[in-house]
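User: I'd like to go through a few of the labels on this model and see what backs each one up. Can you take me through them?

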Amino acid sequence: YMMRDVALEIFGSSPSMSSLHKLTSSQATSSFKGNENVDVLLGELSTSSMFLVIPDSENGSNSEEDGALSRFRGKRKIKSRRDSFVQVLKDQIPQLNFAFWETLKMAQSQNTLGNIPHDGIEGMLEGGLRRAWAPTLLFRRRSDRTDPLYVLTRSWRKGHVSNFDYLMRLNSIAGRSIHDPGNYPVMPWVLSNYESDTVPDFSDKINFRDMSKPMGALSSERLQKFIDKYTGLCGTDTAIPAFMYGSHYSNIGGVVLHYLVRNKPFAGLHRQLQGGQFDVPDRLFRSVAQTWETCSHRSATEVKELTPEWYSNPAFLKNSHNFNLGISVNGSSIGDVILPPWADNDPCKFIKVMRDALESDVCSAMLPSWIDLIFGFKQRGPEAIIAHNVFYHLTYYEPDDLAKIEDATIRTEIELHISDFGQCPTQLFLKPHPQKKSQCVAAQSKVVSPSSFLLIGCPLMEGSDLEGNFSKGI
């Protein structure tokens with residue numbers, strides 16, 4: 001479904017009280033009078049949030065029917081499919097937290113929903129909700145200005161949503177999920193300095209990767225080889241469209257299981273992929289600086305981006321389970337990941353520096369260019385060619401494309417290829433992504449503990465130490 005059909009954001013476990021903002025009646029508008037306090041969840045993702053997509057009618061493209069429902073639902077008391085689904089959830093799984101939903105219902109009961117301005121609840125209130133992006137607006141489909149993607153992007157531009165949370169939400173909307181290693185969230189390499197003894201200066205662009213270019217284009221010498229290959233393929237008589245990169249920036253074996261090989265359950269999945277044992281020691285993820293050099297300059301094929309753990313979860317850098325990862329050709333044992341000198345061999349410090357770099361002003365200025373490459377108008381078509389961002393044609397396949405293939409054998413082969421070699425996210429933007437407003441400064445994000453939300457609640461948690469804790473929390 002398209003982004004405009006996103007219905008709500010729910011949570012597998014109740015957020016802590018520190019993530020709820022108590023709004024006193026003196027801070028609220030007259031529509032909330034009579035309520036002592038109103039709990040409104042702030043804009044950061046919860047420890048186990050997910051997006052549910054529910055079209056408002058059986059035929060998502062039937063705008064006339066949607067318009068009719070929009071005009072008469074209130075008068076005729078017609079329950080939307082979203083309302084019905086949420087009611088089922090509330091009846092069957094009472095432990096789920098519906099902070100946003102309850103906030104919306106309260107507003108509806110006061111007949112004030114139509115008075116919520118385009119800036120959302122944070123624009124309606126004068127006081128403490130200036131940072132609170134209100135996903136309750138995802139329930140409204142009244143105009144382009146309340147389209148959820150527009151609301152989300154505008155909230156990021158105003159500084160109400162951090163860079164990390166914005167990218168995580170874009171990934172979710174584009175079909176990427178921590179519950180699916182084959183379509184795992186994509187995050188960018190931001191820093192380029194992994195050699196200095198001191199923490200990189202976040203005000204100096206020399207310490208940052210050029211985010212207007214894909215990983216394969218960061219080295220002019222290596223890029224020329226990719227261009228030559230593309231030009232050569234253009235001159236051949238073949239059914240396969242020309243491409244620059246035969247590998248992908250995000251796939252299950254070469255990226256997700258490569259980076260997360262020290263964590264359960266990914267270690268088990270990695271061994272399954274490698275025939276029951278770990279890969280050759282020298283091919284395992286062992287050094288941050290070495291991986292950066294390989295993906296950005298040295299390798300003739302590698303163009304990996306990152307996963308969310310690089311900005312939130314230090315656990316993937318430690319061999320806490322004491323896996324026998326083997327010995328490299330130089331005789332050194334493969335254990336914890338070798339960190340940059342500026343991290344002082346402290347995974348938590350490394351994650352903090354990476355997160356601070358992601359939220360820095362320099363990164364915020366360049367982030368729209370990276371979004372254009374991964375989720376936007378430079379993902380495919382003529383703009384992708386100009387940006388040197390052309391991958392193997394099967395990485396652009398959508399479910400509709402696969403459904404058109406009548407030969408079951410061919411369809412299965414293509415599905416397996418996509419699963420193994422990667423797939424581009426759903427394209428969300430068809431024109432250049434807007435810049436963050438200069439006066440807005442993103443809120444500083446906290447470093448997540450080793451039991452990061454990226455593993456909690458994942459259906460792949462079989463055998464994980466966190467599985468029991470999550471079940472108790474639910």
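Predicted model: local features only at pLDDT ≥ 70, side-chain atom pairs only at ≥ 80, totals over all residues.

User: What makes the pairing of the asparagine 163 side chain with the backbone oxygen of leucine 358 a polar contact?

Analyst: A polar atom of that side chain sits 2.7 Å from the leucine 358 oxygen, and the cut-off is within 3.5 Å.

User: Why do glutamate 305 and arginine 209 count as a salt bridge?

Analyst: Their N to O distance is 3.0 Å, and the rule asks for within 4 Å, so the pair qualifies. Glutamate 305 is in the loop between α10 and α11, and arginine 209 in the loop between α6 and α7, so the bridge ties together parts 96 residues apart in sequence. Both residues are buried.

User: How do you know that arginine 286 and aspartate 282 make a salt bridge?

Analyst: Their closest N and O atoms are 3.8 Å apart, and within 4 Å is what the rule needs. Arginine 286, at 13%, is buried, while aspartate 282, at 31%, is partly exposed.

User: How many salt bridges does this rule give?

Analyst: Nine. Another pair is lysine 304 with glutamate 302, at 2.6 Å.

Notes:
Residues numbered from 1 in each chain as written. Heavy atoms only, no water. Polar contact = N/O pair within 3.5 Å; in protein donor to acceptor, adjacent residues only side chain to side chain. Salt bridge = Lys/Arg side-chain N within 4 Å of Asp/Glu carboxyl O. Helix = DSSP H or I, 4+ residues; strand = E, 2+ residues; numbered from the N terminus. Buried < 20%, exposed > 50% of the residue type's maximum accessible area, 1.4 Å probe, protein only.
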